[in-house]
Amino acid sequence: MPQQEEGRVTAGDCAIAWHAAGDGPLLAYLHGAGGLRWGRALDGFAERFRVVAFDIPGFGGSTLGDSVQSIPDAADALAAAMEQVAHGERMHLMGTSLGGRTAAWLAVRHPQRVDRLVLESPAAFRPPDAPPLSSFPPDELRRRLYGNPEQAPPTDDPAVRQQQFQVMARLTKGVGWDSELEARLGEIEAPTLVLFGTQDGLIPPEMGRIYKERIPQAFLTYVYQAAHAIQWDRPDAFVDLVSDFLERGEAFVVPRAKATAG
Amino acid sequence: MVQFSYFHLMPHPYLEQAPDWPVPHKLFDPERAHADYEQYVDQMALAEELGFDWVGCNEHHYTPYGLMSNPALIGAALTQRTRRIRIAMLGALLPLNNPVRVAEEYAMLDVMSGGRLIAGLIRGIPNEYIAYGVDPSESWERFEEAIDLVIRAWTEPEPFGWEGKHYQFRTVSIWPRPLQQPHPPLLFSGGSVESAAFAARKRAKIGVVQLISLEHAKENLDVYRQTARELGWEPPASNLLIGMHTHVARTDAEARETLGRGEDYFYRVLSSATQHANELVVHGSNYYRTAEARERRITRRAAHKHLSIDDRIEQGTILCGSPDTVVRQIERVVKELGIGVIQTGFKIGSIPNEKVVESMRLFSREVLPHVRDL
């Protein structure tokens, strides 16, 4: 596993914690509602990129300043943190679930910060009839998150999870369908890759269409035999696919020459 | 209401003795096959005129018993020769083909036919895996994944990428897409209890086509119905198909004589080489997921081998006799199995084309009117 470094930067009235590993082009990462879980996929990215994972305000080592009352507010604080960590350079940006929603807002409000954008099971559009995450018993939540539970990280401490749900409720105001973001997806300038697992138990994978339709240069990929946590269910495929997109952009649709057997 | 499908294997019945496997194509006679393709397509088009509900094609490789290495080609011809009848592809052998290609060909057939396609997606009998160089041990996994991909290709309005275990496409956006919405009805094989349960999980129609006995078919169909119920849906009879060799003649004896000879040639000469290849695959790979499934198949095959035409008539697994007899046989199979579609096969082995057409006409005139409303 690549050596990790950590630090904190100040962004407005928040302290934003970051965790980094690897060398190469900068890849910012925003975790899902369960907080940062650094696993096989992030290790894989760290072999090709300098991965900088930021804790969203209110999660992990980041504080939740009074000015942060919404996802766009959180995106502003994170953009300020990215600017400091990257010394003003653009970064690739990848977000998972709640982090995907935040990353999409960040790309809307701070296009100059983002090179290429990757949204893993982004949680901006949950159908109105979908029950809230907090309503699922822990075992069921786990089944909806992970198609392959043997590869999943251990279950959270219930107290931590409870606190995470509270932060999420404050930032999202309990709104599962972000119509403001829906109206502004067209402003995203970054080429964007959206991924959904075919077995996603939290968000119907077909929601990927909304991003594909509205973001000017978007690619939608279904990952087979993956549920909501794609990077835990299919870590190697996820890393290969996303890295290829980050490295080649639109040209990633063209099959790469394979080394032929001698 | 019982529906009838007219299924054709398109045999090449000109070999005098059982060939070795693989059957060398020096034994293929293109001139005779040219005439046969024409006659066979005529027979299939005639089925519409005679009141059949479906006309069926399927895919086989390297064999004189069936000349449809790509059934979509015959399906395309049928879209131009028929107006009403359902065109049943039973089907493309999905794990052997590019799933995107299958999705495209089926969408073409559905649009060309005005929405008449029944989309059979089939794993294929074991020997086909040798022909296309695909690992039979991967057949189930490939099959399951390819089905999901085909359905996604038909129904996803936006271009999408597919990151599968066996199939990877960075962008898929097929033209045309199917006419039937959300997609053409699916039909899977129910030759084993495993595949029957799978068909129910995918809400596909089910076909059991190599009947060893009605009990064997019933076991699979019951698993299908039971699985569907557990998932909260009740399959209509029109979801259940069984396949039966069929011959109707003026008398029972005449029918038995003609079909008996045709079947004998079919089993002894036309399909013996394939049987050999099947054994190679079954014993040399994990084509079956479980040892139990493999054993069951081996036992059933062995049992089938020893059945005479009289046994098959007795078992009720073929339709053979005078119109009255065949009506009773149909009544029996509908009653015992609760199925809604009977797939008939009239051109069995070496039965001459005139006799095939005669038997079809007799079936249409003197059998169909009595069994429609069973």
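Author: Two strands pair if DSSP finds at least two bridges between them. The model here is predicted.

Reader: What makes β8(B) and β9(B) a pair?

Author: Three bridges join strand β8 (residues 205–208) of chain B to β9(B). The requirement is at least two bridges, so the two strands count as paired. They run parallel, and V208(B) stands opposite I242(B) of β9(B).

Reader: Which other strands of chain B pair with β9(B) in the parallel sense, and over how many bridges?

Author: Strand β11 (residues 341–345) of chain B pairs with β9(B) over five bridges; there, G345(B) is the bridge partner of H245(B). Strand β10 (residues 319–321) of chain B is joined to β9(B) by three bridges, again parallel, with G321(B) opposite V248(B).

Reader: Why is β9(B) called mostly covered?

Author: A residue is buried if 20 or more other C-beta atoms lie within 10 Å of its own. In β9(B), residues 240–248, nine of the nine residues are buried. L240(B), I242(B), M244(B), T246(B) and V248(B) point one way, L241(B), G243(B), H245(B) and H247(B) the other way, and all are buried.

Reader: Why is α2(A) called roughly perpendicular to α3(A)?

Author: Helix α2 (residues 71–85) and helix α3 (residues 98–109) of chain A pack at an angle of about 70°, and their axes are 8 Å apart. Angles of 65 to 115 degrees count as roughly perpendicular, so that is the term for α2(A) and α3(A). The crossing of α2(A) past α3(A) is right-handed.

Reader: Which residues of α2(A) and α3(A) meet, and of what classes are they?

Author: I71(A), P72(A), A74(A), A75(A), D76(A), L78(A) and A79(A) in α2(A) meet R101(A), T102(A), W105(A), L106(A) and R109(A) in α3(A). By class, the residues of this contact are eight nonpolar, one polar and three charged.

Reader: How many residues does each chain bring to the contact between chains A and B, and which element of chain B gives the most?

Author: Chain B brings 13 residues and chain A 15 residues. On the side of chain B, α5 (139–155), β5 (160–163) and β6 (168–172) each supply at least two residues, and β5(B) gives the most, with four residues. That side has three nonpolar, three polar and seven charged residues.

Reader: How do you know that β5(B) pairs with a strand of chain A?

Author: Three bridges link β5(B) to strand β8 (residues 218–223) of chain A. At least two are needed, so this is a pair. The sense is parallel, and T221(A) stands opposite G161(B).

How values were computed. Residues numbered from 1 in each chain as written. Chains lettered and ligands numbered in written order. Predicted model: local features only at pLDDT ≥ 70, side-chain atom pairs only at ≥ 80, totals over all residues. Buried ≥ 20, exposed ≤ 12 C-beta atoms within 10 Å, placed from the backbone. Axes fitted to C-alpha atoms, helices over the stretch in contact; angles between N-to-C directions. Parallel < 35°, antiparallel > 145°, perpendicular 65-115°, else oblique. Left-handed = near helix turned anticlockwise from the far one by under 90°. Contact = placed C-beta atoms within 7 Å. Nonpolar A, V, L, I, M, F, W, Y, C, P; charged D, E, K, R; others polar.
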